[in-house]
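Hello,

Here is the structure I promised to pass on to you. Please have a look at it, and then read on for what I found in it.

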Amino acid sequence: MSGLVGLGEGYLLVPGLIYLFGLPVYVTMGTSLVTVFPLALVGGIIKWLEGYVALKAVLFTAAGTIIGARISGQTIIREETFFETIKKDVNLKND
């Protein structure tokens, strides 16, 4: 069983939730993220305490991730609104 640990939990968790329990993909992805986060947090803290983490690099990466997620989130919202407007316009013209 210890050989499966190296594969990562997503290898079994996501397909298992989809095929065994019939859950939608977005639920399985969210579940995987929720279960991975505490494990990654504990692992990161252990590696930091052991001296394997460059804290400056972590801060720059975290800042870039936060900024990028914010920008991409706003872009997706705008594009969805834009495409929904076009779909409505096209549907009105087809009637």
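Over residues 1-6 the pLDDT stays under 50, and for that stretch the model has one contact beyond four places in sequence. Please keep in mind that this is a predicted model. Where pLDDT is low, the predicted coordinates should not be read in detail. Helix α1, which covers residues 2-5, has the lowest mean pLDDT among the elements of the chain, at 45, while α3 has the highest, at 87. For the chain as a whole the mean pLDDT is 79, and 72% of the residues reach 70 or more.

Now to the overall layout. The chain has four helices and zero strands, so that its pattern, read along the sequence, is α-α-α-α. Of its 95 residues, 5% count as buried. The chain exposes about 8200 Å², and carbon and sulfur atoms supply 72% of that area.

Is T28 buried or exposed? T28 is buried: its relative accessible area is 0%, and the cut-off for buried is under 20%. Leaving aside residues up to four places away in sequence, T28 touches V14, L17, I18 and L23. The side chain of T28 also has a polar atom that lies 2.6 Å from the backbone oxygen of V25.

The other residue is S32, again in helix α3, which runs over residues 25-49. S32 counts as buried because its relative accessibility is 12%, against a limit of 20%. Along the chain S32 and L13 are 19 residues apart, yet their C-alpha atoms are separated by 7.0 Å.

On the surface there is a nonpolar patch to look at. Its members are F37, L41, I45, W48, L49, L55, V58 and L59, and together they have about 830 Å² of accessible area. Which helices each supply at least two residues of the patch? They are α3 and α4, the latter spanning residues 55-94. Helix α3 gives the most, with five residues. From helix α4 you could pick out V58, which counts as partly exposed because its relative accessibility is 39%, a value between the limits of 20% and 50%.

Finally, a word on charges. Side chains of opposite charge can pair when their charged atoms come close. How many salt bridges does the structure hold? There is one, and it joins E50 to K47, with the closest N and O atoms 3.7 Å apart. That pair meets the cut-off of 4 Å for a salt bridge. Both partners are partly exposed: E50 has a relative accessible area of 46%, and K47 has a relative accessibility of 43%.

If you open the model now, you could start with T28 and the residues it touches, V14, L17, I18 and L23. From there you could go on to the nonpolar patch, which includes W48 and L55, and end at the salt bridge between E50 and K47.

Best wishes, and enjoy looking around!

Key:
Residues numbered from 1 in each chain as written. Predicted model: local features only at pLDDT ≥ 70, side-chain atom pairs only at ≥ 80, totals over all residues. Heavy atoms only, no water. Salt bridge = Lys/Arg side-chain N within 4 Å of Asp/Glu carboxyl O. Buried < 20%, exposed > 50% of the residue type's maximum accessible area, 1.4 Å probe, protein only. Polar contact = N/O pair within 3.5 Å; in protein donor to acceptor, adjacent residues only side chain to side chain. Contact = heavy atoms within 4.5 Å. Patch = residues over 30% accessible without salt bridge, like charges linked within 9 Å, V, L, I, M, F, W, Y side chains within 5 Å. Areas by Shrake-Rupley, 256 points an atom, 1.4 Å probe, with all protein chains shown as cover. pLDDT = per-residue confidence, 0-100.
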